[in-house]
Amino acid sequence: MKNSIITQLQQALNTTKILTGEALKERYTHIWRMDEPLNALAVILPKTTEEVAAALKICHANNQPVVVHGGLTNLVGSTEMTDGQEVVISMEKMNSILEVDDQSRTMTVQAGVILENVQNAATEKNLLFPLNYGAKGSAQIGGAISTNAGGLRVFRYGMTRNLVLGIEAVLADGTIISSLKKIIKDNSGYDIKQLFIGSEGTLGVVTKAVLKLVEAPKSRNSAWIGLMDYSKVVQLLKFMDSGLAGTLSSFELFWKATFIGMTTPPSPLKATLPYDYPYYVLLESLGGDQAQDQIQLETLLAEALEKEIIADAAIAYTVSDLEWFWKIREDMSIIIGQCQNGQNYDVSLPIPAIGKYVAETVEKLWKIPVVNRVYPLGHVADGNIHFSIGKSEQSEALIKQINDTIYAPLTDLGGSVSAEHGIGLDKKAYLSLCRTPAEIQLMKTLKMAMDPKGIMNRGKVLS
Ligand SMILES: Cc1cc2nc3c(=O)[nH]c(=O)nc-3n(C[C@H](O)[C@H](O)[C@H](O)COP(=O)(O)OP(=O)(O)OC[C@H]3O[C@@H](n4cnc5c(N)ncnc54)[C@H](O)[C@@H]3O)c2cc1C
């Protein structure tokens with residue numbers, strides 16, 4: 001049966017596009033675990049949408065489970081195999097930028113294009129694709145779409161869902177759904193593309209997308225800021241957003257332990273401010289005039305200092321300052337690498353509730369004897385907080401204990417167990433903490449309608 005599927009796939013595609021046997025040992029399920037060989041039936045490397053469709057048609061007819069692989073940077077186990085008998089469709093060879101249209105301000109791409117290449121192609125035309133996060137050098141645009149990735153500039157430009165105008169996708173049975181329009185407004189019935197955005201490869205394979213670009217900003221200014229309590233962080237967000245009148249693009253929060261962890265050895269990066277403050281904010285404004293915008297930022301920070309909203313600030317005055325300031329934020333491997341038996345989280349909750357929730361959660365985590373690292377940080381302007389937690393031992397019971405500590409308060413706070421990374425395998429058991437039974441049932445109804453045999457990323461997101 002399995003040999004017959006491989007033969008059918010080889011006949012429909014081309015033997016060079018299908019890896020089996022020994023060749024699978026070179027493959028893996030995540031960029032952080034390249035030393036663990038992939039346990040799958042086969043890997044397909046399509047170059048066209050038609051090849052994806054042909055492969056899925058065969059898998060559908062044979063009730064063959066399929067896992068889609070993008071850049072393998074997700075943080076929720078969504079590219080793992082569940083029984084080792086899946087066929088992997090890997091999108092890496094669908095990596096063409098088909099068009100950059102500077103008049104419509106759109107880019108049409110195949111799904112396997114690396115996010116950083118999208119950003120660079122936009123920059124070449126004096127445009128900006130605002131989606132930005134630490135994994136940009138490996139994550140593919142199809143993966144970003146399938147996880148509805150957020151990142152560092154959501155506050156101003158929205159999540160991936162706000163940056164996609166059109167999508168082409170292939171359903172489980174091989175049907176191609178193509179809507180690659182360059183239009184912003186389209187109320188002609190249901191917005192089908194949104195179903196594929198954030199559904200983690202469970203409803204179909206995204207093969208192409210039309211991305212929305214914006215005019216490139218002419219200025220970029222940044223500052224690190226020290227603050228004495230969480231209420232001042234909320235006050236500063238409102239103060240800067242109002243004062244910068246629309247140019248505030250990032251507002252990232254770090255608890256003191258995290259700032260220290262990011263800027264002391266083994267980190268190669270030096271601190272931007274003394275370790276005197278419980279909270280540190282890194283902010284960015286993107287505007288139209290470098291000199292004027294810098295003066296505006298300095299003036300606002302001086303006012304915030306005078307009003308005692310902030311305790312200290314360091315402004316980036318050069319390009320190398322900017323690189324240094326943002327390297328601290330973007331190189332998450334610095335703190336994740338310090339977290340042995342690590343667990344990573346991306347919860348969201350209303351902004352005013354974050355200070356108390358994090359303080360109480362950190363206290364509970366430190367009471368777990370084997371916990372030796374607790375690093376909270378986050379896209380606080382989006383109500384999104386990350387935790388990286390390290391511990392000296394590993395067991396299923398410990399993983400659950402830490403999950404429960406982080407997730408349990410979120411229901412009453414009106415939060416979510418996933419702000420941006422998705423559910424995958426890791427958070428499936430916790431979906432009901434932030435979604436009602438009726439919502440989960442509707443998700444299952446949609447899944448059944450679009451993938452009746454349940455072959456797409458079987459066992460991920462929904463039970
Ligand atoms: C250092 C680091 C920093 C990160 N920072 C952020 C951050 O700030 N914000 C944020 O939102 N995320 C962040 N992430 C996680 C983020 O979700 C992923 O980096 C990215 O969006 C996934 O893209 P990928 O190509 O690696 O997809 P993969 O990991 O390969 O896949 C992710 C999911 O999408 C599916 N998939 C992939 N491609 C397709 C396709 N073409 N069609 C259908 N399904 C597909 C897969 O089956 C899987 O379910 C970070 C990750 C790392 C490692």
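Reply: Strand 5 and strand 6 (residues 106–110) run antiparallel and are joined by four bridges. Strands here are DSSP runs of E, at least two residues long, and helices are runs of H or I, at least four, both numbered from the N terminus. This is a predicted model: local features need pLDDT of at least 70, side-chain atom pairs 80 or more, while totals for chains, interfaces and linings use all residues. Residues are numbered from 1 along each chain as its sequence is written.

Me: What stands opposite valine 100?
Reply: Methionine 107, in strand 6.

Me: And what order do the five strands of the open sheet take?
Reply: The order is 5-6-10-8-9, with antiparallel pairing; strands pair if DSSP finds at least two bridges between them. Strand 5 (97–101) and strand 9 (176–179) are at the edges with a single partner strand each, so one side of each has no neighbour in the sheet. From one strand to the next, the twist averages 10 degrees (angles run from 0 to 180 degrees between N-to-C directions of axes fitted to C-alpha atoms).

Me: New topic. How many residues surround the ligand?
Reply: 34, and the closest are Gly70, Gly71, Gly142, Gly143 and Gly201. The cut-off is a C-beta atom, placed from the backbone, within 6 Å.

Me: Which element gives the largest share of that shell?
Reply: Helix 4, with four residues. Strand 3 (66–69), helix 4 (141–146) and strand 10 (205–212) each supply at least two.

Me: Why does the ligand lie between the two domains?
Reply: Because domain 1 (2–92) and domain 2 (97–215) both give residues to its shell. The bounds come from an automatic or database domain assignment.
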